[in-house]
Amino acid sequence: MNRSPDLVDDIAEVLIPEDEIQAKVAELGARVSADFAGLELTLVSVLKGSLPFMADLMRAITIPVQIDLMEVSSYGGTATESSGLVRILKDLSSSIDGRHVLIVEDIIDTGLTLNYLVRYLRGKNPASLRICTLLDKPARRLVEIPIDYLGFEIPDQFVIGYGLDYGERYRNLRFVGVLRPEVYAGPE
Ligand code: IMP
């Protein structure tokens, strides 16, 4: 992997700039606040990629919410392709029985991770279960996922930034972008 000391030097293109992300998050927060007014809502974020989105979205929501965090990893895949085999690294810390649950995801690619998670969370008897994702890559979908709240549909490109990583890097960028091809070229 040929990586520069400064993350920005590895970027080929900014796909979604910071101001567009922030405007979209504000819009999604307003919609969620209106749709769940008066209800018991739990936001379930899927670590690590959803961390910046969750932090911004929860502050754009004006109704009381509880938050919970899960961490899952897909295994058997490569750095840029998921395998669909999902392992739970961190489970919910509170019960969602009878609560309205909104899953907060960074990106839906094949949909395999979320498909697993939805089935897992349905088994915990929530009053309702909806999905909010910042990014959607519909070109690569293998299972149908009903998205209730969507930030941006993007083309079939591997993206990094605003939580998304390549080899655990680039999560702390404020925008969503595409890496220069040379970054993938070298040894890991
Ligand atoms: P899926 O199971 O194929 O939908 O993949 C979901 C997970 O793969 C996401 O939560 C990300 O962690 C990761 N992923 C998918 N596409 C990308 C990408 O373009 N950049 C970074 N991570 C990605």
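Residues are classed here by relative accessible area, with buried meaning under 20%, exposed over 50% and partly exposed in between (1.4 Å probe, protein chains only). The structure is a predicted model, in which local features need pLDDT of at least 70, side-chain atom pairs count only at pLDDT 80 or more, and totals for chains, interfaces and linings use all residues. Residues are numbered from 1 along each chain as its sequence is written, and side-chain values use heavy atoms, with hydrogens and water left out.

Glutamate 168 is partly exposed, with a relative accessible area of 48%. This residue lies in the loop between strand 7 and strand 8; helices (H or I, at least four residues) and strands (E, at least two) are DSSP runs, numbered from the N terminus. The backbone nitrogen of glutamate 168 lies 2.7 Å from a polar atom of the side chain of aspartate 165.

Aspartate 165 is itself placed in the loop between strand 7 (149–153) and strand 8 (176–179). With a relative accessible area of 22%, aspartate 165 counts as partly exposed. Leaving aside residues up to four places away in sequence, aspartate 165 touches Phe158, Ile160 and Arg171, where contact means heavy atoms within 4.5 Å. The side chains of aspartate 165 and arginine 171 make a polar contact at 3.4 Å. A polar contact is a pair of N or O atoms within 3.5 Å; within protein, one must be able to donate a hydrogen and the other to accept it, and residues adjacent in sequence count only if both atoms are side-chain atoms. Aspartate 165 and glutamate 20 are 145 residues apart in sequence, and their C-alpha atoms are 20 Å apart in space.

An oxygen atom of the ligand lies 2.5 Å from a polar side-chain atom of threonine 113. For lysine 137, an N or O atom of the side chain is 2.8 Å from a ligand oxygen atom. At valine 159 a polar backbone atom is 2.6 Å from a nitrogen atom of the ligand. On its own the ligand has 490 Å² of accessible area, of which the protein covers 86%; such areas come from the Shrake-Rupley method with a 1.4 Å probe, and for residues only the protein chains shown count as cover.

A cis peptide bond joins leucine 47 to lysine 48, with omega near -5°. Lysine 48 belongs to the loop between strand 2 (41–47) and helix 2 (51–60).

Serine 73, in strand 3 (residues 65–75), counts as buried because its relative accessibility is 18%. Its contacts, not counting residues up to four places away in sequence, are with Leu85, Val86, Arg87 and Leu89. In helix 1, the buried residues are Ile21, Lys24, Val25, Leu28, Gly29, Val32 and Ser33.
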